[in-house]
Amino acid sequence: MSTLLQIEQINAFYGSAHILHDLSLHVNAGERVALIGRNGVGKTTVVNTILGLAAMRGGQIHLGDYALRKPRPYIAAQHGVVVVPQGRRIVANLTVEENLQLGAAVGRKGHWTVPEVYKLFPILGERSHASGTALSGGQQQMLAVGRALMANPSLILLDEPTEGLAPVIVDQLADIFNLVASQGTALLLIEQNMSLVVRVAERYCAMAKGSVVAQGLVENSKDSLHQLETHVMV
Ligand SMILES: Nc1ncnc2c1ncn2[C@@H]1O[C@H](COP(=O)(O)OP(=O)(O)O)[C@@H](O)[C@H]1O
Ligand SMILES: [Mg+2]
């Protein structure tokens with residue numbers, strides 16, 4: 001099985017602040033992995049290190065066969081790894097369609113085009129000329145996912161995609177994540193909502209204080225969501 005993302009023993013810093021400590025994590029082709037852990041443990045810093053927004057000292061990251069020595073956002077996208085950032089970061093003075101095209105600008109060619117994204121999210125097609133930030137929170141999250149798909153990634157990193165959204169919207173997003181995954185895109189779902197983790201992920205990695213401290217199959221923990229919640233509290 002091919003590995004799309006292999007993080008081995010990385011240490012990451014913001015300035016002199018040492019945030020990630022010998023952290024290892026991998027995602028195989030087509031897999032759905034959840035990365036869980038309470039606020040401040042360093043989940044977003046994992047993403048930021050892959051993008052070059054936190055400094056990596058020591059350890060290795062591979063994107064497929066490619067050894068990532070100087071992380072940059074466009075390098076990750078060129079190697080099939082795209083981020084849906086925490087807080088969504090829709091560009092305010094661009095339309096829905098222009099926001100989607102931004103995703104295509106950095107990525108690869110493939111199945112996903114503007115019409116294909118509109119088939120997945122009809123509401124985005126209906127609002128294609130609206131300002132991206134005129135959309136509701138749930139619609140902005142769809143736009144953020146659509147923008148990621150436009151880069152035709154093999155792996156999408158979703159950083160707390162349901163933060164602040166109503167349960168009915170979270171349900172819709174769960175279906176969409178499963179649909180996207182069923183079409184072959186691997187997911188790394190950073191999430192604190194355990195009911196979403198159980199619906200979407202097959203495997204989980206739990207972080208505490210900048211390291212992965214527990215991992216396992218979601219199926220084995222399904223009856224005991226509580227157990228997962230306990231890991232979050234480590
Ligand atoms: N730009 C930054 N500069 C310095 N410290 C930061 C920065 N961003 C986050 N941190 C710190 O790094 C730690 C991990 O943050 P983060 O990765 O955002 O955690 P999580 O996503 O798990 O909530 C926290 O202690 C946070 O305060
Ligand atoms: Mg975060």
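This report walks through a predicted model of a protein chain with a ligand, from overall build to single residues.

## Overall build

The protein chain holds 10 helices and 11 strands. Its C-alpha trace spans about 45 × 40 × 35 Å along the principal axes. For 234 residues, the rule for a compact globule predicts a radius of gyration near 17 Å, and the chain comes out at 17 Å, so the two agree.

On burial, 43% of the 234 residues count as buried. As for contacts with a separation of 6 or more, 68% of them join residues 24 or more positions apart.

## Around ligand 1

Start with Tyr-14, Ala-17 and Ile-19, which are among the residues surrounding ligand 1. The rest of the shell is Gly-37 together with the run Asn-39, Gly-40, Val-41, Gly-42, Lys-43, Thr-44 and Thr-45. Two elements give two or more residues each: strand 2 (17-28) and helix 1 (43-51). Helix 1 has the largest share, with three residues.

Sorted by class, the shell has six polar residues, four nonpolar ones and one charged one.

## The nonpolar core

The largest nonpolar core takes in 68 residues, and the members touching the most others are Leu-188, Leu-189 and Val-197. Helix 6 (residues 137-149) supplies the largest share of this core, six residues.

What does Leu-189 contact once its neighbours within four places in sequence are left aside? The list runs Arg-32, Ala-34, Leu-158, Phe-177, Val-197, Val-200 and Ala-201.

## Helix 6

Helix 6 has 13 residues, and at 1.5 Å a residue it should span 18 Å; its end C-alpha atoms sit 18 Å apart, so expectation and model agree. Because 11 of those 13 residues are buried, the helix is largely enclosed by the rest of the structure. The buried stretch goes from Gln-139, Gln-140 and Gln-141 through Met-142, Leu-143, Ala-144, Val-145 and Gly-146 to Arg-147, Ala-148 and Leu-149.

What do these buried residues pack against? On the helical side, the partners are helix 3 (96-106), helix 4 (114-120), helix 5 (122-126) and helix 7 (167-182). Strand 7 (81-84) and strand 8 (155-159) are the strand partners.

Leu-35 belongs to strand 3 (residues 32-36). Why does Leu-35 count as buried? It has 27 other C-beta atoms within 10 Å, and the cut-off for buried is 20 or more. Beyond its neighbours within four places in sequence, Leu-35 contacts Lys-43, Val-46, Leu-188, Ile-190, Cys-205 and Met-207. Leu-35 and Gln-215 are 180 residues apart in sequence, yet their C-alpha atoms are 9.2 Å apart in space.

Pro-153 sits in the loop between helix 6 and strand 8. With 26 C-beta neighbours inside 10 Å, Pro-153 is buried too. Leaving aside neighbours within four places in sequence, Pro-153 is in contact with Gly-80, Val-81, Val-82, Gly-107, Ala-148 and Thr-185. Of these, Ala-148 is one of the buried residues of helix 6. Between the C-alpha atoms of Pro-153 and Arg-108 there are 7.3 Å, with the two residues 45 apart along the chain.

Note on methods:
Residues are numbered from 1 along each chain as its sequence is written. Chains are lettered from A and ligands numbered from 1 in the order in which they are written. This is a predicted model: local features need pLDDT of at least 70, side-chain atom pairs count only at pLDDT 80 or more; totals for chains, interfaces and linings use all residues. A residue is near a molecule or strand if its C-beta atom, placed from the backbone, lies within 6 Å of it. Helices (H or I, at least four residues) and strands (E, at least two) are DSSP runs, numbered from the N terminus. Ala, Val, Leu, Ile, Met, Phe, Trp, Tyr, Cys and Pro count as nonpolar, Asp, Glu, Lys and Arg as charged, and the others, Gly among them, as polar. A nonpolar core is a set of buried Ala, Val, Leu, Ile, Met, Phe, Trp, Tyr and Cys residues joined through C-beta atoms within 7 Å. A residue is buried if 20 or more other C-beta atoms lie within 10 Å of its own, exposed if 12 or fewer, and partly exposed in between; C-beta atoms are placed from the backbone. Two residues are in contact if their C-beta atoms, placed from the backbone, lie within 7 Å. The expected span of a helix is 1.5 Å times one less than its number of residues. The radius of gyration is taken over C-alpha atoms; the globule rule is 2.2 Å times the number of residues to the power 0.38.
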